[in-house]
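Take a moment with the chains before reading on. Where do they touch, and what holds charge against charge?

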There are 4 protein chains.
Amino acid sequence: MTDHVTSMLKTYPKDLGGVDKEKLAACIAACFECAQTCTACADACLSEDMVAELAKCIRTNLDCADICATTGKILSRHTRYDANLTRTVLEACRTACQACADECNKHADMHEHCRICAEACRRCEQACADLIASLG
Amino acid sequence: MTDHVTSMLKTYPKDLGGVDKEKLAACIAACFECAQTCTACADACLSEDMVAELAKCIRTNLDCADICATTGKILSRHTRYDANLTRTVLEACRTACQACADECNKHADMHEHCRICAEACRRCEQACADLIASLG
Amino acid sequence: MTDHVTSMLKTYPKDLGGVDKEKLAACIAACFECAQTCTACADACLSEDMVAELAKCIRTNLDCADICATTGKILSRHTRYDANLTRTVLEACRTACQACADECNKHADMHEHCRICAEACRRCEQACADLIASLG
Amino acid sequence: MTDHVTSMLKTYPKDLGGVDKEKLAACIAACFECAQTCTACADACLSEDMVAELAKCIRTNLDCADICATTGKILSRHTRYDANLTRTVLEACRTACQACADECNKHADMHEHCRICAEACRRCEQACADLIASLG
């Protein structure tokens with residue numbers, strides 16, 4: 001998805017400031033992909049026979065999907081950029097991705113959807129951390 | 001909207017822990033109301049003849065609407081509560097509401113939608129701050 | 001919540017066309033309230049000991065919450081109104097609310113959150129139907 | 001993004017029914033990509049000097065982003081699939097994508113973001129139409 005994001009980023013009509021465009025595009029793509037993966041993982045957990053043992057995983061997936069979708073949208077806006085807001089939203093997203101990766105990882109051996117979802121959350125967590133670091 | 005939120009809060013089948021139920025319900029309601037108000041204010045700004053001067057206001061409204069909707073949903077979930085995530089999401093929401101209230105306030109004399117929206121953002125900012133404080 | 005919605009509706013700077021303002025405000029408020037209630041009901045179901053029997057209810061709640069939130073936002077925008085889009089979105093929302101009310105109703109005797117949620121879905125379904133009818 | 005979606009689709013623990021998995025994965029990916037592109041296009045329009053002439057484009061972009069995100073999430077859930085709801089949501093999404101593609105296309109010669117966005121909307125409109133057709 002990074003290619004789609006990058007092609008739009010290049011068309012922004014004003015100056016993007018000192019932002020690292022590669023890290024920004026990677027983070028936006030990771031957020032949207034993680035939102036989709038967490039939505040699908042919550043639903044796959046819901047269809048497992050042992051759903052009662054996956055309640056925490058479903059809850060964490062739903063939160064992570066919501067905050068990733070919001071972060072992906074906020075990062076897709078560049079008009080009158082607010083560094084303070086960007087940073088706190090990225091921190092919330094990183095926290096949610098870390099919690100979801102940790103939780104999904106516990107079920108990764110048993111459920112392939114949790115294994116793939118943990119990877120998507122880890123990638124998004126790292127992309128948020130990289131973007132935060134580049135903001136200076 | 002607080003009555004609706006409270007009536008659902010009372011039906012939660014497990015222990016809600018030590019959370020202040022009144023502050024939680026007030027914050028959930030404020031988040032959903034602020035999400036609606038910011039969505040409407042962005043659209044009202046877009047229909048103003050002087051829309052070019054309201055670009056920052058529209059952008060701030062859209063971000064605030066997104067993060068308020070996500071915060072309202074995350075706070076509506078109580079299963080396997082994660083204090084760490086709740087706190088960072090509330091901080092992001094408070095930051096967005098403060099930025100949007102400040103921006104809308106600049107246009108409050110000229111645009112009634114900005115005046116009402118600044119009030120909704122201020123209420124939500126305060127509700128987030130109150131809930132954060134009660135989390136200890 | 002209808003009061004908040006109505007107060008913003010009155011500030012819209014351009015002509016709202018022939019839309020029934022009362023039905024529009026009622027539908028927007030019902031959508032946001034239903035989105036909150038369905039989010040809370042999905043989470044309450046997830047905490048029930050018999051969660052495995054509530055998988056369909058959770059799924060229906062999540063879909064209904066998503067489509068209600070989107071419908072509430074689209075209805076909150078009046079700039080360059082598109083009757084065709086409004087109608088199809090309202091139809092999708094009515095369908096989701098009907099499905100969720102039907103499903104929650106099956107568990108209403110046993111779970112108070114499902115009883116309250118079925119009522120919220122029924123109100124939103126009716127508000128969508130009323131608004132569609134008023135569109136002519 | 002289709003690869004990510006497909007890898008999750010393969011892990012779903014129950015039967016997916018007679019759905020065309022390729023068309024489903026393509027539609028989910030198109031919905032998330034279109035949601036991102038429309039969000040970015042609305043913001044790029046907002047930064048154009050001639051923003052007043054792009055008000056309809058911004059509004060259409062915001063609606064399309066919302067309904068695409070919701071459709072992408074609903075299609076990512078397979079538990080207790082509801083053909084009736086899926087169909088009406090896909091119809092709403094197709095309608096929004098068509099409206100947004102038509103509007104963006106009017107500005108495609110002048111604004112590269114509108115040209116790229118029109119293409120993303122057209123792809124998503126087609127993916128929705130293909131999936132609807134495959135539902136029989």
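This is a predicted model: local features need pLDDT of at least 70, side-chain atom pairs count only at pLDDT 80 or more; totals for chains, interfaces and linings use all residues.

Start with chain D and chain A. The contact draws on 34 residues from chain D and 34 residues from chain A. Together the two chains bury about 3,100 Å². Carbon and sulfur atoms give 62% of that area. Polar links are present too. Between chain D and chain A there are 17 residue pairs in polar contact, both residues being at pLDDT 80 or more. Which elements of chain D give two or more residues to the side that touches chain A? They are helix 1 (2–9), helix 2 (21–46), helix 3 (55–75) and helix 5 (112–134) of chain D. Helix 2 of chain D supplies the largest share, 12 residues. By type, this side of chain D splits into 13 nonpolar, 11 polar and 10 charged residues.

Charge also crosses here. The interface of chain D and chain A has 4 salt bridges. One of them pairs K73(A) with D66(D), at 3.5 Å from N to O.

Now turn to chain B and chain C. Here 34 residues of chain B are in contact with 35 residues of chain C. The buried area is about 3,100 Å², with 63% of it on carbon and sulfur atoms. In polar contact across this interface are 16 residue pairs, both residues at pLDDT 80 or more. On chain B, the elements that give two or more residues to the side touching chain C are helix 1 (2–9), helix 2 (21–46), helix 3 and helix 5 (112–134). The largest share of that side, 12 residues, comes from helix 2 of chain B. The residues on this side of chain B are 13 nonpolar, 11 polar and 10 charged.

How many salt bridges cross the interface of chain B and chain C? The count is 4. In one of these, the side chains of K14(C) and D49(B) meet at 3.2 Å, N to O.

Next, follow the charges through the whole structure. Side chains of opposite charge can pair when their charged atoms come close. Over all chains, a search finds 52 salt bridges. Look at R77(A). Its salt bridge with D63(B) brings the closest N and O atoms to 2.6 Å apart. Why does this pair join two chains? R77(A) lies in the loop between helix 3 (55–75) and helix 4 (83–106) of chain A, while D63(B) lies in helix 3 (residues 55–75) of chain B, so the link runs from one chain to another. Are R77(A) and D63(B) buried or exposed? Both are buried.

R77(A) also forms a salt bridge with D66(B), at 2.9 Å from N to O. This pair again crosses between chains, from the loop between helix 3 and helix 4 of chain A to helix 3 of chain B. D66(B) is buried, as is R77(A).

Stay with D66(B). It forms a salt bridge with K73(C), the closest N and O atoms being 3.5 Å apart. D66(B) sits in helix 3 of chain B and K73(C) in helix 3 (residues 55–75) of chain C, so this pair joins two chains. Buried means under 20% relative accessible area. D66(B) has 6%, so D66(B) counts as buried. K73(C) has 15%, so K73(C) counts as buried too. Elsewhere, salt bridges that share partners link R59(A), D63(A), D66(A), K73(B), R77(B), R59(C), D63(C), D66(C), K73(D) and R77(D) into one network.

Now look at one helix. In helix 1 (residues 2–9) of chain A, V5(A), M8(A) and L9(A) are buried. These residues lie on the same side of helix 1 of chain A because they cover an arc of only 105 degrees around the axis. What do the buried residues of this helix pack against? They pack against helix 2 (21–46) of chain A, together with helix 2 and helix 5 of chain D.

T88(D) is in helix 4 (residues 83–106) of chain D. Its side chain reaches the backbone oxygen of L85(D) at 3.0 Å. Leaving aside neighbours within four places in sequence, T88(D) is in contact with A92(C) and T95(C). T88(D) and I132(D) are 44 residues apart in sequence, and their C-alpha atoms are 9.5 Å apart in space.

Note on methods:
Residues are numbered from 1 along each chain as its sequence is written. Chains are lettered from A and ligands numbered from 1 in the order in which they are written. Side-chain values use heavy atoms; hydrogens and water are left out. Contact means heavy atoms within 4.5 Å. Buried area is the accessible area (1.4 Å probe) that two parts lose on being put together, summed over both. A polar contact is a pair of N or O atoms within 3.5 Å; within protein, one must be able to donate a hydrogen and the other to accept it, and residues adjacent in sequence count only if both atoms are side-chain atoms. Helices (H or I, at least four residues) and strands (E, at least two) are DSSP runs, numbered from the N terminus. Ala, Val, Leu, Ile, Met, Phe, Trp, Tyr, Cys and Pro count as nonpolar, Asp, Glu, Lys and Arg as charged, and the others, Gly among them, as polar. Buried means under 20% relative accessible area, exposed over 50%, partly exposed in between (1.4 Å probe, protein chains only). The arc is that of the directions from the helix axis to the C-beta atoms.
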